[in-house]
Amino acid sequence: MKLGLLIISVIAFSFPAPEGTSPTASALVHRFESAYRLSKTLQANFLETYFDSGKVVRSEAGVAYFAKPGKMRWEYVSPEPNLYLVDGKWSWFYVPADHTVTRTRAKQSSDSRTPLALLAGEMKVSRICKTVILDRSSSSLDAQGVVLRCDLRGSDDAVPATQGAAQASPGSYALFEVNRQSGELVRIVVVDSGGVQVEFRFSNWKFGPSLQASKFRFEPSKGIVIVDGDFATSADARERKPGR
């Protein structure tokens, strides 16, 4: 029986739904997971855009790198150089112009890039999404693109820990646009509970590029000030306690 089910699954994945037939959310999730699961390293160009009340606040572009387990490197080149790096334990945000780097424990990060740690993990969408449904109200950028809505897990959701992937604030969700045929990620839009949106568009995906381990290590040079983001988070938490 198990062998029969396996054969059916392989056939279904090998022969995608014919033109004019809309794939189900579960089929698209499976295709997305399968496209990235076997690659230990990934690389892509990205365009990151921030929206507030529907208006563009700023746009940035660069190259993103992913490595398992739980490592990411976002090299911003436009409009100015910046670096966001997750080494599996810590996340680092480095602004060369300020000679400052902010360090936060990766699992406590609420950064908008957090859902994309999925690409550097086990590639199980259920790790970060409570539910996934087709979002027919959102138009796709790609002719073969299909949009999925993912209700992100919050701090009150019971979910097994996964290295390098933090939990989102309650009420946050993400829209994943994937290619219905290949499963490649076209873009992701992360929306927080306050309505602020961050969109990441991807192009030129490379699967299994040769990346040195040093690419995912941050070693502050002389003169760089390290700001501990965990301290600021702890202080905010204390201020929010009843009676304070």
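Strands S8 and S9 run antiparallel and are joined by seven bridges; strands count as paired if DSSP finds at least two bridges between them. Within this pairing, valine 146 has valine 178 of S9 as its bridge partner. Helices (H or I, at least four residues) and strands (E, at least two) are DSSP runs, numbered from the N terminus. The model is a predicted one, in which local features need pLDDT of at least 70 and side-chain atom pairs count only at pLDDT 80 or more, while totals for chains, interfaces and linings use all residues. Residues are numbered from 1 along each chain as its sequence is written, and side-chain values use heavy atoms, with hydrogens and water left out.

S8 also pairs with strand S7 (residues 129–134), again in the antiparallel sense, through five bridges. Strand S8 covers residues 145–152, and six of its eight residues are buried, so the strand is largely enclosed by the rest of the structure. Buried means under 20% relative accessible area, exposed over 50%, and partly exposed in between (1.4 Å probe, protein chains only).

## The disulfide

One disulfide is found in a search of the whole structure, the criterion being a pair of cysteine sulfur atoms within 2.5 Å. It is formed by cysteine 129 and cysteine 150, with their sulfur atoms 2.0 Å apart. The pair links distant parts of the chain, cysteine 129 in strand S7 and cysteine 150 in strand S8, 21 residues apart. The angle about the S-S bond is -105 degrees, which makes the link left-handed. Both cysteine 129 and cysteine 150 are buried.

## Strand S1 and its partners

Strand S1 (residues 41–52) pairs with strand S2 (residues 55–67) in the antiparallel sense over 12 bridges. The two strands form a hairpin with two residues between them, and serine 53 in the turn has a positive phi of about 55 degrees. S1 is also joined to strand S11 (residues 197–207) by nine bridges, and these two run antiparallel. The bridge partner of leucine 47 in S11 is arginine 201.

Glutamate 48 is located in strand S1, where it stands opposite glutamate 60 in S2. Glutamate 48 counts as buried because its relative accessibility is 0%. Its side chain makes a polar contact of 2.6 Å with that of tyrosine 50. A polar contact is a pair of N or O atoms within 3.5 Å; within protein, one must be able to donate a hydrogen and the other to accept it, and residues adjacent in sequence count only if both atoms are side-chain atoms.

## Aromatic rings

The structure holds 14 aromatic pairs. Rings of Phe, Tyr and Trp (its six-membered ring) pair if their centres lie within 6.5 Å; planes under 30 degrees apart count as stacked, over 60 as edge-to-face and the rest as tilted. Phenylalanine 32 and phenylalanine 176 form a tilted pair, 5.9 Å centre to centre with 50 degrees between the planes. This pair links phenylalanine 32 in helix H2 (residues 25–37) to phenylalanine 176 in strand S9 (residues 173–179), 144 residues apart.

Charged side chains sit over two tyrosine rings. The charged end of arginine 149 is 3.8 Å from the ring centre of tyrosine 173, and lysine 215 lies over the face of tyrosine 65, 4.4 Å from the ring centre. The criterion is NZ of Lys or CZ of Arg within 6 Å of the ring centre and within 35 degrees of the ring normal.
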